[in-house]
Amino acid sequence: MTEVVRFCRSRNGGRRCTRPLGHAGLHRHRTVMWADAAADPALCSGSGEPGTPAAPLADGFPDGRAMCPVCHRFVPLDADARLVRHDTTDESETDAETRRRQEWFNVHGW
């Protein structure tokens with residue numbers, strides 16, 4: 001089984017920091033760098049947007065959740081078929097959930 005690599009959760013202008021989780025110093029995405037003070041808020045801007053349940057894998061994953069087009073997480077839908085309020089990352093996400101999401105993208109693509 002492959003190791004799940006965790007990256008920094010900071011974002012700036014929608015760009016995600018590509019440095020490892022817990023890194024020292026500035027955040028970075030390619031040539032753009034920023035400090036914590038310039039980071040985007042944790043709340044995903046995709047919250048409240050219309051959504052559709054993602055195509056399931058054979059075992060039913062992602063269990064009726066929709067893929068957020070902003071943060072690429074699987075998010076539940078509310079009664080009006082809108083993405084529930086969510087952050088761009090989930091610190092409590094398990095390695096199993098990360099692997100399932102990777103598998104989903106390998107099967108279904110973007």
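His-72 sits in the loop between β5 and β6. Strand and helix names here follow DSSP runs, numbered from the N terminus, with helices (H or I) of at least four residues and strands (E) of at least two. This is a predicted model, where local features need pLDDT of at least 70 and side-chain atom pairs count only at pLDDT 80 or more, while totals for chains, interfaces and linings use all residues. Residues are numbered from 1 along each chain as its sequence is written, and side-chain values use heavy atoms, leaving out hydrogens and water.

Back to His-72: its phi is near 60°, a positive value in a residue other than glycine. Most residues other than glycine have a negative phi, and most peptide bonds are trans. At 27% relative accessibility, His-72 counts as partly exposed; that label covers what falls between buried (under 20% relative accessible area) and exposed (over 50%), using a 1.4 Å probe and protein chains only. Ala-81 also has a positive phi, about 60°, although it is not a glycine. You'll find Ala-81 in the loop between β6 and α1, and at 35% relative accessibility it counts as partly exposed.

The peptide bond running from Phe-61 to Pro-62 is cis, with omega near 15°. Pro-62 belongs to the loop between β4 and β5.

Now for the aromatic rings. How many aromatic pairs does a search of the whole structure find? It turns up four. Rings of Phe, Tyr and Trp (its six-membered ring) pair if their centres lie within 6.5 Å, and planes under 30 degrees apart count as stacked, over 60 as edge-to-face and the rest as tilted. In one of these pairs, Phe-61 and Phe-74 have ring centres 5.5 Å apart and planes at 85°, so they meet edge-to-face. The pair links distant parts of the chain, 13 residues apart: Phe-61 is in the loop between β4 (32–34) and β5 (66–67), and Phe-74 is in strand β6 (residues 74–75). Phe-74 also pairs with Trp-104: the centres are 5.0 Å apart and the planes at 80°, so this pair is edge-to-face. Since Phe-74 lies in strand β6 and Trp-104 in helix α1 (residues 95–108), the pair ties together parts that are 30 residues apart in sequence.

| Residue | Relative accessible area |
|---|---|
| Phe-61 | 5% |
| Phe-74 | 5% |
| Trp-104 | 7% |
| Thr-89 | 17% |
| His-23 | 17% |

Let's take Thr-89 next. It is placed in the loop between β6 and α1. Leaving aside neighbours within four places in sequence, Thr-89 is in contact (heavy atoms within 4.5 Å) with Arg-9, Arg-16 and Arg-73.

His-23 has its own set of neighbours. It lies in the loop between β2 and β3 (27–29). Not counting residues up to four places away in sequence, His-23 touches Cys-8 and Cys-17. Which side chains make polar contacts with the side chain of His-23? One is Arg-19, at 3.4 Å, and another is His-27, at 3.1 Å. A polar contact is a pair of N or O atoms within 3.5 Å; within protein, one must be able to donate a hydrogen and the other to accept it, and residues adjacent in sequence count only if both atoms are side-chain atoms.

Helix α1 gives the most to the lining, with four residues.

Confidence is lowest in strand β2 (residues 15–16), at a mean of 90, and highest in β4, at 97. Where pLDDT is low, the predicted coordinates should not be read in detail.

How values were computed:
pLDDT is the predictor's confidence in each residue, from 0 to 100.
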